[in-house]
Amino acid sequence: MARILVVDDDPDLVESVSVILENKKHEVITAYGGVEGLEKAKREKPDAMILDVMMPDKNGYDVCKELKADPGYQNIPILLLTAVASKISTTTYTHQMGMETEADDYIDKPVEPKELVRLVERLLGNN
Amino acid sequence: MMNRDEIHILVVDDEQVIREGSRRILTKEGWKVTIAENGEEGLKFVKNNEFHILLLDLMMPGIGGMEVLKRVRETHPDLLVIVITGYATIENAVEAMKNGAYDFIPKPFTPDQVRIVVRRAIDKINLQREAELLRIESQRSLRDVANEKSRTLTIINYMADGVLVTDDNGNIVLNNPAIIRMLGREEESPLGKHIFDWTGNAELSQMVEKVLNIEGSSSISQELAWENPPKAFFMAHAAPVRNEQGEVLGSVTIFNDVTWFKELDQMKSDFVDMVSHELRSPLGSIRQQISLFLEGMVGEISKEQHQKLNRIQDRIDGLIGMINNLLDLSRIEGGHLVQKKETLAIREIIEGVIELMTPEAKKKNLKFIVSMEPDIFSLHADQQSMETVFTNLLSNAIKYNRNDGSIFINARNLGEFVEIKVADTGVGIAKADLHRIFDKFFRIRTEDTRKVIGSGLGLPLVKTIIEAHLGTIAVESKAKEGTTFIVQLPREIDIPSPDSRILHLLK
């Protein structure tokens, strides 16, 4: 059981991701924007973070960059929620964006519950 | 040729026998003859009439023949003068010839002698006439050529499109004012400069090098972005100029300013982009919440409910797929996707896509039958776009195939192109629909395709990408037998970059 912060501006998405994680007996903290997400990450120091890329106030890349640049928080593993055009382009996408943001992993929206669970467990080092 | 009755001969002689005799002989031949009995009368006739031949006696009282000859030569240089000399005084004849007489005839003469001499003179007149006609003719055609040239130049100079003509080395030999205006290069004449040196655009330079150096090449069209002020977009069409033997003499490139269309297009793409994102997020959210039911995370559901939700999810996937294609299309049309061109091995792309699609194909028990030439050319292309092309083609070959069918993938070199064929064993496409399948949102509605989820954007996307790579796509189909898509993409060509050319010059 871990404490996981879920950040997305879409409340329905936050809720469904929460349901999936709670099903696996994780504790979920939620935030509904980039600024709030950053603030909660620093205050709550979660075991892992699921972070949406496209958010109106502060996008996920910037949140990720700030946390990874701060020695106090750079160990929080981050799973980026990306909205990529097609499956096959994920590799290209990872290549282009991942190196820049230093996120720990990526998952396409919409999220497949099984895939999300698999990636979160890997992030927590439980696989 | 002059008609006989057009020839007008003047006979000047003080001896009546000769005058009348000549008149009789020459008139019989059909020529018009006038006679004068002394030099003064002769000169008066010459002054007031048009004669072609003058038969002139040298020995006359009053103004002598030699004097008449001199005066006539001054006033009527075209009049042919035949002098009549008494008793074959050769010295007189020689002097007359020196003074410009055409011929001479010694007295006494036979009718035949007169006829022969006059005929020869007439032949000479005709030859002169013909030569004159030819001269006029050739002058006229020269003038026509000059007119034609100036007309063509006028057209080129007043064209709103820019024109650059180069020789076979890529040096500019002709341009119109429009291109100078379009590129904002008023201060420097392009003539004699290499196309790269004057424009500073490597892509343009490569286009021209291609049409100059690749055998059998026809025209190339490419959109060029101009970074230098003024920032602009041009559609450039380059073509080789050949002589009658088919050798390339140079190139001609036409520039069409498409900046305004690009801006409009960008606005459209931005709009589509925005709308798509706004649509995709809630759809993704809906799909994800449905998956909670399917995974049993919000309580158990019946088998029937499971089935229904599955179908709902499939339809949502179709919608999301369509939005993704729309996004890709708007990105490509906005020129964003195809800019990262690199050396690509087509074999790896195709093998990667086959691997990705294999699970889909297994659901219908389809076989991939692949044949690729071992030394297949590499491409100069954008990897992501190429993956999109073959993912779409293979996805169609799966979706529209029959169960237990096959998918044939064939790749080979074809001239300067790589040809890739993707064939299925599906229901085929009706002839009437074939030409529409690349249209946006066109979908074939038949009993066979009703259940297939598609966006109507896959093939337009494929076509847009291929054309952005200067390739072509064609389709062949037979009802109940299957459909074949034939893609041709230009091979990667080792064209010396402008930099290496400059280095070469420096050596």
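Helices (H or I, at least four residues) and strands (E, at least two) are DSSP runs numbered from the N terminus. Axes are lines fitted to C-alpha atoms, for helices over the stretch in contact, and angles run from 0 to 180 degrees between N-to-C directions. The model is predicted: local features need pLDDT of at least 70, side-chain atom pairs count only at pLDDT 80 or more, and totals for chains, interfaces and linings use all residues. Residues are numbered from 1 along each chain as its sequence is written, and chains are lettered from A and ligands numbered from 1 in the order in which they are written.

**View 1. Chain A as a whole.** Chain A contains 5 helices and 5 strands, in the sequence order β-α-β-α-β-α-β-α-β-α. Where residues at least 6 apart in sequence are in contact in chain A, 65% of the contacts join residues at least 24 apart (contact: C-beta atoms, placed from the backbone, within 7 Å).

**View 2. Helix H1 of chain A and its surroundings.** The 13 residues of H1(A), 11-23, should span 18 Å at 1.5 Å a residue, and the end C-alpha atoms are 18 Å apart, which agrees (expected span: 1.5 Å times one less than the number of residues). A:Leu13, A:Val14, A:Ser16, A:Val17, A:Ile20 and A:Leu21 are the buried residues of H1(A). Their cover includes strands E1 (3-7), E2 (27-31) and E3 (48-52) and helix H5 (113-123) of chain A, together with helix H9 (259-294) of chain B. After H1(A) comes A:Lys25, with a positive phi near 70°.

**View 3. The side of chain A that touches chain B.** The contact takes 19 residues from chain A and 21 from chain B. On the chain A side, H1 and helix H4 (89-101) each give two or more residues, and H1(A) has the largest share, 6 residues. This side divides into 9 nonpolar, 5 polar and 5 charged residues (nonpolar: Ala, Val, Leu, Ile, Met, Phe, Trp, Tyr, Cys and Pro; charged: Asp, Glu, Lys and Arg; polar: the others, Gly among them).

**View 4. Helices H12 and H14 of chain B.** H12(B), residues 383-399, packs on H14(B), residues 458-468, at an angle of about 145° with the axes 9 Å apart. H12(B) contributes B:Ser385, B:Thr388, B:Val389, B:Asn392, B:Leu393 and B:Asn396 to the contact, and H14(B) contributes B:Gly458, B:Leu459, B:Leu461, B:Val462, B:Ile465 and B:Ile466. These residues comprise 7 nonpolar, 5 polar and no charged.

Conventions: Contact = placed C-beta atoms within 7 Å. Buried ≥ 20, exposed ≤ 12 C-beta atoms within 10 Å, placed from the backbone.
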